[in-house]
Amino acid sequence: MLDLSAREIIAECPTCGAKFSVPETVATTECPYCGTVFNVKRKVKVEVDHFYFPLSKRDPYDSLLRFIECQYGVPVDIKRNFTITRGTLHIIPVYFYHLHGRARVTVRSRRLKTFNAVVEEVDDVGIVAVKGPLRDLLKDYPFPIRGKKFFEERIKRIGIYYDPEISREEAERIASTRLSRRLREEAEELGERVRDFKEELFKVEFKGLVHYPVWELEYGYKGTTYKAYVDGATGVIIRAEHPLSVKGRVIQIAIGGLLLVIGVVAAFTIINLGFSENAKLFGTLASLIDGVVASLPLFTRSVRQKVIASEVEVIKEKE
């Protein structure tokens with residue numbers, strides 16, 4: 001017998017024109033290409049502004065262990081002595097915005113002197129709507145745009161559910177400030193001085209409130225507890241602590257020492273060359289500073305009991 005519930009129709013996005021298949025019974029859907037929510041039959045946008053990202057079916061501890069095993073200097077017996085301690089699922093509210101800004105600037109440059117240019121920024125961002133450590137953790141996190149679903153009440157029961165602690169208006173101000181800052185930074189990268197800055201386009205479009213899943217995990221290794229945060233929708237390791245083996249510590253100290261020695265040797269070499277006194281001074285200082293800057297992260301990492309790693313570039317190590 002033909003299963004009528006399995007029939008699909010072609011939906012066409014009223015914003016980007018993309019065509020894709022949806023079940024025949026679906027009245028409202030989200031474009032998988034641009035994120036527009038619209039009525040399938042009437043092909044018009046609808047004001048649905050509350051969504052959630054479904055949980056990945058993959059075990060977050062499995063994702064975490066695979067990531068940790070690949071980190072440099074991790075003890076070879078980490079898998080054998082890895083013990084699950086605790087796992088907490090946070091359902092975090094995030095305001096999503098589409099940013100599009102463009103500005104005409106006049107820039108002063110040593111090479112090109114004064115010239116005119118156009119800077120433009122297009123991005124989709126998430127403004128975390130809770131306060132405290134979770135907001136700090138996810139600041140500037142590159143949330144996925146596609147894959148969200150219309151909110152369901154059952155989502156409130158699958159983990160620790162958070163209501164927004166900041167208003168939509170405050171989130172929009174944060175998004176606007178971010179867009180403005182990015183345009184300014186892009187303009188400043190063109191030369192030494194921005195002499196004129198005129199915005200031609202400044203668009204901050206609200207894309208909805210999304211409740212997003214984040215796992216807070218704890219695991220043990222030889223009597224020490226380590227903490228990690230894993231993206232519940234994608235499995236990406238946001239931030240993870242892990243142990244460092246004795247061998248790994250020794251190698252990092254050795255590499256750091258070598259870089260420092262190279263910097264010192266370069267400084268003495270400059271001193272003995274026939275440069276002017278000012279050139280010797282600046283060259284020596286530059287060599288010493290380069291040696292210290294290159295070696296310091298390795299020395300710092302080698303003495304920590306817990307090393308921090310991440311699959312996300314924007315997440316910075318916290319001391």
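In this predicted model, residues 24 or more positions apart account for 69% of the contacts in the protein chain with a separation of 6 or more. The chain has 319 residues, of which 42% count as buried, and it contains 5 helices and 14 strands. Its accessible surface comes to about 18,500 Å², with 54% of that area belonging to carbon and sulfur atoms.

**Helix α1**

The buried positions are Pro-60, Tyr-61, Ser-63, Leu-64, Leu-65, Phe-67 and Ile-68. Their cover includes the strands β7 (83–109), β11 (193–221), β12 (224–231), β13 (237–242) and β14 (307–309).

**Aromatic and charge–ring contacts**

The count of aromatic pairs comes to 13. One of them joins Phe-53 and Tyr-212 in a tilted arrangement, 5.1 Å centre to centre and with 55° between the planes. This pair links distant parts of the chain, since Phe-53 lies in the loop between β6 (50–52) and α1 while Tyr-212 belongs to strand β11, 159 residues apart. Phe-53 has a relative accessibility of 6% and therefore counts as buried; Tyr-212, at 1%, likewise counts as buried. Both rings belong to one aromatic cluster, formed by Phe-53, Phe-96, Tyr-141, Phe-143 and Tyr-212.

Rings also meet charged side chains. The charged end of Lys-148 sits over the ring of Phe-51, 5.4 Å from its centre. For Arg-184, the charged end sits over the ring of Phe-197, at 3.9 Å from the ring centre.

**Salt bridges**

Side chains of opposite charge can pair when their charged atoms come close. In this model the count of salt bridges comes to 17.

| Lys-222 | Asp-77 | 3.0 Å |

The salt bridge between Lys-222 and Asp-77 has its closest N and O atoms 3.0 Å apart. It links distant parts of the chain: Lys-222 is in the loop between β11 and β12, and Asp-77 is in the loop between α1 and β7, 145 residues apart. Lys-222 is exposed, with a relative accessible area of 59%, whereas Asp-77, at 10% relative accessibility, counts as buried.

The relative accessible area of Arg-86 is 35%, which means partly exposed, while Glu-216 is buried at 10%.

Glu-200 counts as partly exposed at 41% relative accessibility, and Arg-102 is partly exposed with a relative accessible area of 26%. Salt bridges that share partners join Arg-86, Glu-216, Glu-218 and Lys-227 into one network.

Terms used. Residues numbered from 1 in each chain as written. Predicted model: local features only at pLDDT ≥ 70, side-chain atom pairs only at ≥ 80, totals over all residues. Heavy atoms only, no water. Buried < 20%, exposed > 50% of the residue type's maximum accessible area, 1.4 Å probe, protein only. Helix = DSSP H or I, 4+ residues; strand = E, 2+ residues; numbered from the N terminus. Contact = heavy atoms within 4.5 Å. Areas by Shrake-Rupley, 256 points an atom, 1.4 Å probe, with all protein chains shown as cover. Phe/Tyr/Trp six-rings, centres within 6.5 Å; stacked < 30°, edge-to-face > 60°. Lys NZ or Arg CZ within 6 Å of the ring centre and 35° of its normal. Salt bridge = Lys/Arg side-chain N within 4 Å of Asp/Glu carboxyl O.
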